[in-house]
Amino acid sequence: MSEQVRHVLTLQCPEAAGIVHAVTGFLVKHGRTIVELKQFDDMSAERLFMRVDFAGQDGADLLQRLREDFTPVAEEWGMDWNLRERGQKTRTLIMVSKFDHCLNDLLFRAHTGELPIDVVAVVSNHPDHRSLVEWHDIDFHHIPVTKQTKPAAEAELLQLIEQTGTELVVLARYMQVLSDELATELTGKTINIHHSFLPSFKGAKPYHQAWERGVKTVGATAHYVNSELDEGPIIAQQVVEVDHTYMPEDLVAAGRDSECKALSNAVRWHCEGRVFLWGNRTVVLR
């Protein structure tokens, strides 16, 4: 008997009667068993979002055959779709500056298999984290950025992305603003993290600013990058309650934890095909 294999189908398309039937009928016809099916009908946008995790017997060129056979179904319903093996690791490039907590967290989760990512390289505008990255047996690339060298630095980055076959870029507290051209080039495949005080507390030491205002919550937001600074489509957020006993350094520590959790959630959901972009919003089928 052939080994059972799992695949994940994701799609979005204009809402219409019969789409779910068409998808499930296709799977039945091909001897597939649905393990998990989640969908969301956005009535205001008249759009359907769906993720199907299914299993069945393996076979020669199975993924290619499933894709070829599903293409007419997708074309009939005007679907934007993707079909891949479940558990396939996403080739990921991480970018970081001075703060290393998110980098450390991502590398640990990747190493333990908690995140379905293959970290192909780490890029930084500072050399500080080379030893940490190379300890994980991952290539480290120091690409300094100044106002004068920014175009050349971004060109070098794009070349590295192409050379490594990068599918996802993660800005793990990378403290450089991407140009509009680069942000557009990486639309839908770049995730950033920032503290949720934005835009209330911009600039240096936002947690100290928050402490001076007596905030009662701290948190973080992970989002896709677009040309609007820290205002791309939101994927995940974390909030932690704090009180008057928290000193600025306590707020910083709580914020670090929030940033790590929000970013790892966003990366996981993206790689598992649970995040759908629609305009400046996301649908996350968790």
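What should the 12 residues of helix α3 span at 1.5 Å a residue, and how far apart are its end C-alpha atoms? This is a predicted model, by the way. The helix covers residues 101-112.

Next, a helix pair. Two packed helices are described by the angle between their axes and the distance between the axes. Take α1, residues 19-29, and α2, residues 62-77. Their axes come within 11 Å and cross at roughly 170°. Anything over 145 degrees counts as roughly antiparallel, so α1 runs roughly antiparallel to α2. The crossing is right-handed.

Who makes the contact? From α1, I19, A22, V23 and F26. From α2, L66, D69, F70, V73 and W77. By class, that contact has 8 nonpolar residues, no polar ones and 1 charged. An α-helix has 3.6 residues a turn, so residues three or four places apart point the same way.

Last stop, H7. This residue lies in strand β1, residues 4-14. Is H7 buried or exposed? Buried: its relative accessible area is 3%, and the cut-off is under 20%. Leaving out residues up to four places away in sequence, H7 touches V52, D53, F54, L62, L63, L66, L83, R84, E85 and R86. L66 also belongs to the α2 side of the helix contact.

Terms used. Residues numbered from 1 in each chain as written. Predicted model: local features only at pLDDT ≥ 70, side-chain atom pairs only at ≥ 80, totals over all residues. Heavy atoms only, no water. Helix = DSSP H or I, 4+ residues; strand = E, 2+ residues; numbered from the N terminus. Buried < 20%, exposed > 50% of the residue type's maximum accessible area, 1.4 Å probe, protein only. Contact = heavy atoms within 4.5 Å. Expected span 1.5 Å × (residues − 1). Axes fitted to C-alpha atoms, helices over the stretch in contact; angles between N-to-C directions. Parallel < 35°, antiparallel > 145°, perpendicular 65-115°, else oblique. Left-handed = near helix turned anticlockwise from the far one by under 90°. Nonpolar A, V, L, I, M, F, W, Y, C, P; charged D, E, K, R; others polar.
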